[in-house]
Amino acid sequence: EKLDKYYIASHHDIDPENIDYLEYEFSDIPNIIEGDANEYNELLQFLKSNDLSIEENFQYAANKIDIDEVINYLCAEIYCDNVNWPSTNSRWWKEKSAGGKWRYVMLDFDYGFGTPGYYSTYSHNNIDLALNTYNAPFNTVFVSLFQNESFKNMFIQRFAHYLNSIFSVDRVASIVDSCKNMISNEMLNHI
């Protein structure tokens with residue numbers, strides 16, 4: 001499926017003409033795929049100007065960002081060691097409504113799971129990539145949320161749970177092997 005406004009609308013039961021959909025592609029300014037970046041820029045300004053360790057500020061951000069989905073997104077990106085992120089291949093959207101919250105879109109994991117010839121290895125620290133990329137606009141949301149102890153604890157607990165369930169070695173190896181077996185005969189035609 002194409003990751004466009006119709007994909008988002010069909011999976012979230014919203015009007016495809018009523019969303020803001022943005023993307024970072026090696027730029028400090030997000031590309032506008034749909035809608036505009038006004039509310040996102042306001043959110044970034046708030047995050048840069050306020051300390052989220054203060055609960056009132058964190059709650060303001062939590063009213064604008066789907067915190068559970070940000071945690072899920074970060075867990076997946078970090079676990080897969082996607083080194084071609086977050087300065088690129090980073091998309092997010094929100095419904096233009098009073099209760100609309102920003103959510104990330106998973107895409108492009110070509111440089112994940114230890115890409116040969118790249119710096120993605122089992123010992124690479126992808127948390128550092130997400131949180132310490134020179135405080136660039138594309139990681140402001142992550143850096144800001146991690147100022148809050150409750151958020152940090154939720155992230156740690158969720159990641160630990162996932163490492164023992166959906167990201168367990170046996171489960172992931174089984175899925176990878178299954179995918180490999182499905183396409184192995186075709187690979188000879190593409191390599």
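Start with Phe142: leaving aside residues up to four places away in sequence, Phe142 touches Val70, Tyr73, Leu74, Trp85, Pro86, Tyr104, Ala130 and Leu131. Keep in mind that this is a predicted model. Phe142 also turns up among the residues with the most contacts inside the largest nonpolar core, along with Leu74, Phe151 and Phe155.

**The cores**

- In soluble globular proteins, nonpolar side chains tend to be buried together.
- Here, the largest nonpolar core has 36 residues.
- Six elements each supply at least two residues of this core: strand E1 (19-24), helix H2 (38-49), helix H3 (55-62), H4, helix H6 (140-145) and H7.
- Which element gives the most to this core? That's H4, with 8 residues.
- There's also a second, separate core of 8 residues, and Ile8, Ala9, Trp93 and Leu107 are among them.

**How H4 and H7 pack**

- Two packed helices are described by the angle between their axes and the distance between the axes.
- For helix H4 (residues 67-79) and helix H7 (residues 149-163), the angle is about 50° and the axes are 10 Å apart.
- That angle makes H4 oblique to H7.
- The crossing of H4 past H7 is right-handed.

**Who meets whom**

- On the H4 side, the contact involves Ile67, Asp68, Val70, Ile71, Asn72, Leu74, Cys75, Ile78 and Tyr79.
- Their partners in H7 are Phe151, Met154, Phe155, Arg158, Phe159, Tyr162 and Leu163.
- Sorted by class, this contact of H4 with H7 has 13 nonpolar, 1 polar and 2 charged residues.

Definitions and conventions:
Residues numbered from 1 in each chain as written. Predicted model: local features only at pLDDT ≥ 70, side-chain atom pairs only at ≥ 80, totals over all residues. Heavy atoms only, no water. Axes fitted to C-alpha atoms, helices over the stretch in contact; angles between N-to-C directions. Helix = DSSP H or I, 4+ residues; strand = E, 2+ residues; numbered from the N terminus. Parallel < 35°, antiparallel > 145°, perpendicular 65-115°, else oblique. Left-handed = near helix turned anticlockwise from the far one by under 90°. Contact = heavy atoms within 4.5 Å. Nonpolar A, V, L, I, M, F, W, Y, C, P; charged D, E, K, R; others polar. Core = buried A, V, L, I, M, F, W, Y, C linked by side-chain atoms within 4.5 Å. Buried < 20%, exposed > 50% of the residue type's maximum accessible area, 1.4 Å probe, protein only.
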